[in-house]
Amino acid sequence: MYSRHSLIGSMARHALLLLAVAFAMFPFLWVLSASFNATDGMQMQQLIPPKPTLAHYKDLFTSPQYKFGIWLWNSVKISLITSTFVVALTALAAYSFSRFRFKGRRVGLLGLLLVQMFPQMLAIVALYVLLLTMGDFFPFAGMNTHTGLIMIYLGGAMGFNTWLMKGYFDTIPRSLEESAKVDGATPFQAFVHIILPLVRPILATIFVLTFISVYSDFMIASIVLRTAEQQTIPVGLRVLISDNYGNRWALFAAGAVISALPFLVVFLVAQRSLVSGLTRGGVKE
Amino acid sequence: MKRVVVLVLGVLLLAGLAATASVAGKLLIWADDTRTPIMQEVAARFTAAYGVEVEIQQVGFSDMPGQLLTAGPAGEGPDILIGPHDKLGELIQNGLLEPIVLPTAVIRDFNPSAITAFTWGGLLYGVPYAIENVALIYNKALLPVLPSTFEGLLTLAKGLTDIEAGKYGLLIQEPDPYHTFALFSAGGGYIFGYDASGVLNPCDVGLDNAGSIAGAKLLDQMVKDGIEVAGADYGLVTGLFGQGKLAAMIGGPWTLSDVQKAGINYGVAAIPTIGGNVPKVFSGVQAFEISYYSKNKVLANLFVKDFLVTKPVMLRLFELGNRPPCYLPALADLSGNADIQGFAAAGGNSIPMPNIPQMNSVWSPWSDALGFIVNQTLDPETAMKNAATQIRTTLGCP
Amino acid sequence: MRDSFLLRHSAKILGLGILCALAIYAASSLFVAGSYGLAAVPVIAAGIITYIFLSGRRYPIRWLVPGLLFLFVMVLYPIGYTFLGSLTNLGTGHMLPREQAIEQLLGRTYAPPNAERCSYLVFQDAAGSFVFLLQGRNTILVLDGQATAVSLPDERFVDETGDGQPDRILNYRRLETREIVALLPTLQQVRVVYEGVTFGIDSLTEFSVQMPRYSYDKATETMTDLETGTAYTAVQGIYTSVKGEEIYPGYRVWVGFANYVRLITNPQISAPFARVFLWTIAFAVLSVALSFALGLGLAMLLNDPHVRMRTLYRVLVIVPYAIPSFVTILVWRGMLNQNFGVINQMLMSLFGSAGRVQWLENPWVAKAACLLVNLWLGYPYMMIVALGALQSIPHELYEASYVDGASRWQQFRKITLPMLLMPLAPLLIGSFAFNFNNFNLIYLLTQGRPAVPNTLTPAGATDILLSYTYRLSFEGQRGNQLGLACAVSVMIFLVIATISAINFRMTGTLEELSKNV
């Protein structure tokens, strides 16, 4: 599908990509410039601030009131853990949906999709009660704990992710597992040792998508996490702009810039797996 | 390698910490980030005096009522929190606040209208620490002499407005109902009228009476004259003022810290008379409140009465938040402060924002109407009449 | 071979055993705490899980158990809760359950005019019991639950320090201020009744008269105000007097399907319904189509091994995804400001005043603005998904078709697109559902505005079904009406589920289930 390009073709491609980059980055540049701004007005900035300062970045990490460093660590930790578990849970379920035929399979798949469509705006009160009850029995998983928060995120793990993975699994020929079965492997062993390595792109996809969705979540984290030491970045930063007339926009912008970095790192690492060609050798179809 | 990763992740998973809540014998206080520093100072003193542990949690100011609603009944709420008076009705109707016990002598030390703002059913539900209203904030360099009428101000403003150069004479932010109320109230406009016994009557909507329509027409004229411009939100107005590109704005004490930082020579004054009448503005009051679900009510009361109601604390709150104190001894100390005097002058005729839940239905139609006027989509009279009718329909009035 | 079989099986049995033990522990604690209904849940769940793991036929379902467990607890339970909430009048003034509301009202006190305040001294013995000495109009001694008047000096009191204040009575020792403070949570529960008047602690130094404000008659469900004598009966969860006065807090009651009826018959909903519904559908469809097109296009460009610096481009282009949306939507809002936003400033420098686009004020342009911002927010997701899915297309197909003389466009249309749509169709439908309910964007960017002139309903030009109906629930006449908002959620869910089900049929997504090899 991809052959070498002519010079014009190459230039055209780069032009398109640069256009896309400009579209993508422009608002980000605005946030970046705001973070260097000496005063706080959001509206009044120019792209290059007149008196750039790094004071806001320093404030972020040294301010006793805003524990940005802790929030950053919490966010990264929670997102990494959740993404890992989500990939595991989803892979298990998707494999089953793809390979086995069992009663309730169609209904289950359809149900997974439909359940995601329920507007969950009022889940707040329900989750609150749930966490409190859980906290009574398992104090490490109750209110204001990271374990409790991660468990809530895991609830949303199945759904589209399962469909995506299942579709991917469907494209892998069964002959691989069949030969493994002949060799005496259980389905689980075939799954772990043969299939999983083959589907690295989709595992990376789900990991990346889950990471960013957990990382930028505000609603659920704000219900569960109550103390500054436990909070994540969206919850912590929100305090800066929640008072209508007390915006600390520049500090907030600095926080937003730094908070973008972990995801970019994750993406950088994962995108190699994302586009790794499948080692399709092994079976001639 | 993979197993190590899994193991590490598993251990991290179990490293969650315990929850916090209103615990008997320990005080939990919610403060927004502006007030957290002072609360921590007071908390330290309280702990030193009585050996009781006090914890301050930083919560967004506008998030507090919503969070109290879920956290309180679940036992996760604070003992003490702060809140604005216009949310009082909602919190009380949900049974979230505990009446505060203050000796009569202490109550007399507070601004009476602030106390009224936090009284419901004859009981006091908040100890007010700040009262705010908008006033005219102007740049003394651009406006050395302040006209005594609003019409005069508009004439000057028109002369000072040069959109190409990015200079403006007078801007009212957004414009939103809270900031433009002066225009409406001067001629006799009001939101909800009072009935014979002095209780707000939500079916007596005054947004389309003669005074309100006159105010709307004035705003319309300001737009036609090029003085008022669409899209001027808070950040913009204060930013322009801070850069010396705006001669005057209608704003509250919260704008002052940015203005001071920008080094503008500014003045605060009452809004000049409109059509010969003195305009009324809205006042907003903030107070310390005690949660009904607190397990330490007497302790919380003690904290508030003995440690928060003191002149130094009230003055410090003023320093941090720029809002005039409600505590009269502290206010007296500030009699030399020109800003406070200016806001007091503007607020001399202020009325508290109504705190009944029916207000929820008012803001949207009203600001939509203002939007129509500023964007010149509708004429002012139609816009206000539509808004009033919409409000009456939503409230189910005859 | 045999040994590992036994090993694996014993591990499984052990695991199931622990699970059942935990379930029984949880169930019994819940049972003891009084939540009988809730206590059944862990038992049933553990039972089902054990069955699945022991039954050979249910082997495939074992793979689903971990994911389903979390799904049930964290997703299905809130849905159930929301549905139940929609059958109540949950809202401002009706948030509490009945017992809590009654408890709160019964805890209210009042002080009659000229009620006295007493200073007090507290004494405590080694066993922890208290003795109080109240000094007001009378001097009252509270000992062993009896309140009697005494006059000082009394021989039971011992003044050890000679300061005129008793330090001991019998074997009770006087408490210092700091000790009192430490004990306040307990002390604040104490009530002293003397000559029919109830006293309670109200500060560090004083007892005050605290007469119960209300009395409750369970049989007639009436609250009587003991101070004024007014009677209040329970009407739809609020105690109301004959004259219509209400006392707060009220409580929540079941109202059956009343909320649903209100939704369907509310003229404020039915009047703009068609307009809002059409825009919601258009918004969702266009958002998906546009972001998919851009995402797929970028994915293909960045999948091309001959394009240099691919990695750098990929990272730069993914940036919209890296910042939380509530930040970027606000930034967009600032950029789209009519007079001061940077976009119009650039346009105006190029085109003069014709460049002053009313991004958020003109109804049609505002709709376009919503689509533009949603495109910016949504294409990274599509790009990531497409990048992953592109890997699943075997190269041999392209090679074979190239040999057959197919052009790149034909390859795209006949190979890439169909092979992508198979796994991605459900995602596209899911993305449609997500955008149908994309309350977040509308709320932060436009709040449904610009308002439509000359209508009597508050539905704005960019309101989607969810944002409008929620707004009605929260800006209605009685404060926040959560029960109504729950009903809204359920109804919208029914709408979107129906649409999606139809979509599934049409795209044959479900057919694939049976055709899959």
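Predicted model: local features only at pLDDT ≥ 70, side-chain atom pairs only at ≥ 80, totals over all residues.
Local features need pLDDT of at least 70 and side-chain atom pairs count only at pLDDT 80 or more, whereas totals for chains, interfaces and linings use all residues. Residues are numbered from 1 along each chain as its sequence is written, with chains lettered from A in the order in which they are written.

Chains A and C meet through 80 residues of chain A and 83 residues of chain C. Contact here requires C-beta atoms, placed from the backbone, within 7 Å. Eight helices of chain A each supply at least two residues to this side: α1 (7–35), α3 (68–99), α4 (105–115), α5 (123–137), α6 (146–155), α7 (160–170), α10 (200–215) and α13 (249–274). Helices (H or I, at least four residues) and strands (E, at least two) are DSSP runs, numbered from the N terminus. α1(A) gives the most, with twelve residues. The side of chain A that touches chain C has 60 nonpolar, 14 polar and six charged residues. In this scheme Ala, Val, Leu, Ile, Met, Phe, Trp, Tyr, Cys and Pro are nonpolar, Asp, Glu, Lys and Arg are charged, and the others, Gly among them, are polar.

Chains B and C are also in contact, through 44 residues of chain B and 37 residues of chain C. On chain C, α5 (98–106) and α6 (177–187) each supply at least two residues. The largest share, five residues, comes from α6(C). By class, the side of chain C that touches chain B has 18 nonpolar, 13 polar and six charged residues.

The largest nonpolar core has 266 residues. Such a core is a set of buried Ala, Val, Leu, Ile, Met, Phe, Trp, Tyr and Cys residues joined through C-beta atoms within 7 Å. A residue is buried if 20 or more other C-beta atoms lie within 10 Å of its own, exposed if 12 or fewer, and partly exposed in between. Val31(A), Leu154(A), Val208(A), Ile29(B) and Ala386(C) touch the most other members. Another core, of 69 residues, lies apart and includes Tyr178(B), Ile227(B), Leu240(B) and Phe241(B). In α6(A), ten of ten residues are buried. Leu154(A) is one of them.

Chain B holds 17 helices and 15 strands. Its C-alpha trace spans about 65 × 60 × 55 Å along the principal axes. Of its 398 residues, 57% are buried. Among contacts between residues at least 6 apart in sequence, 75% join residues at least 24 apart.

An open sheet of four strands in chain B has the order β9-β12-β8-β13, with mixed pairing. Strands pair if DSSP finds at least two bridges between them. β9 (168–172) and β13 (266–269) of chain B each have a single partner strand, so one side of each is left without a neighbour in the sheet. The twist averages 20° from one strand to the next. β8 (135–139) of chain B pairs with β13(B) in the antiparallel sense over four bridges. Ile137(B) has Val268(B) as its bridge partner in β13(B). Helix α7 (150–160) of chain B lies across β9 and β12 (246–251) of chain B, at about 120° to β9(B). Helix α10 (234–242) of chain B touches β8, β9 and β12 of chain B, and makes about 140° with β12(B). Angles run from 0 to 180 degrees between N-to-C directions, with axes fitted to C-alpha atoms, for helices over the stretch in contact.

Definitions and conventions
Contact = placed C-beta atoms within 7 Å.
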